[in-house]
Amino acid sequence: MYAQMVKTAGHGIKPRDRMTPQERAFQDRIDAGEKIEPKDWMPDEYRATLIRQIGQHAHSEIVGQLPEGNWITRAPTLERKAILLAKVQDEAGHGLYLYSACETLGVSRDELIAMLHAGKMKYSSIFNYPTLNWADIGAVGWLVDGAAIMNQVQLQKTSYGPYARAMVRICKEESFHQRQGFSIMMKMAAGTPAQKRMAQDALNRLWFPSLMMFGPPDKDSAHTAQSMAWKIKINTNDELRQRFVDQTVPQIDYLGLERPDPDLKWNPDKADGKGGFDYSDPDWAEFFAVLKGNGPCNTDRMKARVDAWEQGAWVRDGLSAHAAKRAARSAQQTAAQ
Amino acid sequence: MEKNAALFQFLCRMGDNTLVLGHRVSEWCGHAPVIEEDIALANTALDLLGQTQLWLELAGTVEGKGRSADDLAFLRDVWDFRNLLLVERPNGDFGHTLLRQFLFDAWQNIILARLTESRDQRIAEIAEKAAKEAAYHVERSSGTVIGLGDGTDESHRRMQAALDRLWPYVGEMFCGDAADQTLAAAGIAPRPEDLRSAWDAHVNAVLDAATLARPDSDFAHKGGRDGTHTEHLGYILADMQFLQRAYPGAAW
């Protein structure tokens, strides 16, 4: 879930009687579960919100290559190296689909990248945390991709057609990633004392940042209502966070690791008697600090992306110039014939 | 040279080339000039890594001391590596990386095609699989070298500089030794010298289309195929072998 704190454009939900007939017809289509397609009419605010959300999601995939890429050259076996490389390559592919989905809304990939580099668009806070030992690669797959799947599964039902379809494809690959991550954790948790220590350390460090991926608590989330009315968002932050906690705690126990939060306790009264785990809130002050640029890796991550872009300018220019020359030569040939 | 020892040497040479080049190419992951290139570089690295597993596993079998592909990759020191010096050269800029890839792909594409006819069936099978990947690699790296050579003034200048810098590492690909003679006589692998003319033909055509000038020096740095490497390989291994060395015997 690579879109957090997406500011919804506009000023809250417009009551039905204040909508124009066009807006009303649009809302009716959404309420009937129809997909909105690129050429359909849509409110400007809907378009702007989607650009923010899908763009942020795309940026997260690309920036998200970096923390895992950090271990590719140091992966411990040839097989683990190949799996990790393939996974990080998948993230780049997800970035591509999502930029393409975003382009259907009338903004180019280059414009989106320029906004990211200028600090006008964000990426998920999670990628501002470092990967410090090999178990982090397991924990990223297990927890971070696990949290992403929680969000992305519901987004397969999102109202904007190209986004929903991108999500279907992405979800298939993400669940594979999550299983790979868990397989690393199983090896580490059942390994030598040093490996077990790495596994516990990774879990302890990444637990709360993973909970933050769902965004601030519903009571502080100003943007949820309109996004839900538009079906850009299907579940609230707290619903998804609870679902993630409930899924993950039994996996922690299965691995034989210590729960990273002493308050993680089963509460049979939660969810109208269905039960759920109680958990401590992440440090929301830290979350907002990370969003502001003060996470452990913000400056390094942005520098890596900006450097890649700037140092690659001559390559993009060179290949475009060559393509133009070829087109000119073949036009000349055609004219000569 | 005794045949089994020559065969082990040859398999390490093949596997170490792909292992070390795959390592270098994988260093780009997340840093390429454009997402499509990032994906393509990762793809190349993955193919090379897959080939490494096959070559080194067979090397371990031929050696007969119970060493796995992982043991060979992660537990040998620099002097036991048999890769060409070319593939351990640092990445430099994107053009330098692609030019290194091109020089290697042109060679690999030729040797793998020849190895599909090896009298050692195991080698022929690995070559069959790898040749398909190499054919795609050489097509892509040739196309990129042409695109950047015949692109802007800056891209042309950078590509020519990369070519001049890497050219002294070309000759090693075509220098045979006693092990190569033994395998050639047994019909297992071609003599390295015999691959040069096909390589020259492909490379000259691409350089021509790329408007790049082929350096006229034939000077060749050598040593990688015998275990005398550049300073760079030690750092590659320090990086690659860190976990296996720091936590010996652990399963991952």
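In the predicted model, A:Arg109 and B:Glu36 form a salt bridge in which the closest N and O atoms lie 2.5 Å apart. This pair runs between chains, from helix H5 of chain A (residues 109-117), which holds A:Arg109, to helix H2 of chain B, which holds B:Glu36. Side chains of opposite charge can pair when their charged atoms come close. Over all chains, a search of the whole structure returns 35 salt bridges. Across the interface of chain B and chain A, three salt bridges are found.

The interface was then examined as a whole. Contact between the two chains involves 46 residues from chain A and 49 residues from chain B. About 4000 Å² is buried between chain B and chain A, and 69% of this area is on carbon and sulfur atoms. On the chain B side, the residues that lose the most area to chain A are B:Pro33, B:Ile35 and B:Trp252, which together account for 18% of what that side buries.

Polar contacts across the interface of chain B and chain A amount to 15 residue pairs, with both residues of each pair at pLDDT 80 or more. Several helices of chain B each supply at least two residues to the side that touches chain A, among them H1 (3-26), H2 (35-63), H5 (94-115), H6 (121-149) and H7 (153-166). Helix H3 (69-74), helix H10 (232-240) and helix H11 (242-246) of chain B also supply at least two residues each. The most is given by H2(B), with twelve residues. By class, the side of chain B that touches chain A comprises 25 nonpolar, 14 polar and ten charged residues.

Within chain A, the packing of two helices was also examined. The axes of helix H7 (residues 161-189) and helix H8 (residues 193-212) of chain A come within 7 Å and cross at roughly 135 degrees. H7(A) is therefore oblique to H8(A). In this contact, A:Met185, A:Met188 and A:Ala189 of H7(A) meet A:Gln195, A:Lys196, A:Met198 and A:Ala199 of H8(A). The residues in the contact of H7(A) with H8(A) are five nonpolar, one polar and one charged.

Note on methods: Residues are numbered from 1 along each chain as its sequence is written. Chains are lettered from A and ligands numbered from 1 in the order in which they are written. This is a predicted model: local features need pLDDT of at least 70, side-chain atom pairs count only at pLDDT 80 or more; totals for chains, interfaces and linings use all residues. Side-chain values use heavy atoms; hydrogens and water are left out. Contact means heavy atoms within 4.5 Å. Buried area is the accessible area (1.4 Å probe) that two parts lose on being put together, summed over both. A salt bridge is a side-chain nitrogen of Lys or Arg within 4 Å of a carboxyl oxygen of Asp or Glu. A polar contact is a pair of N or O atoms within 3.5 Å; within protein, one must be able to donate a hydrogen and the other to accept it, and residues adjacent in sequence count only if both atoms are side-chain atoms. Helices (H or I, at least four residues) and strands (E, at least two) are DSSP runs, numbered from the N terminus. Ala, Val, Leu, Ile, Met, Phe, Trp, Tyr, Cys and Pro count as nonpolar, Asp, Glu, Lys and Arg as charged, and the others, Gly among them, as polar. Axes are lines fitted to C-alpha atoms, for helices over the stretch in contact, and angles run from 0 to 180 degrees between N-to-C directions. Angles under 35 degrees count as roughly parallel, over 145 as roughly antiparallel, 65 to 115 as roughly perpendicular and the rest as oblique.
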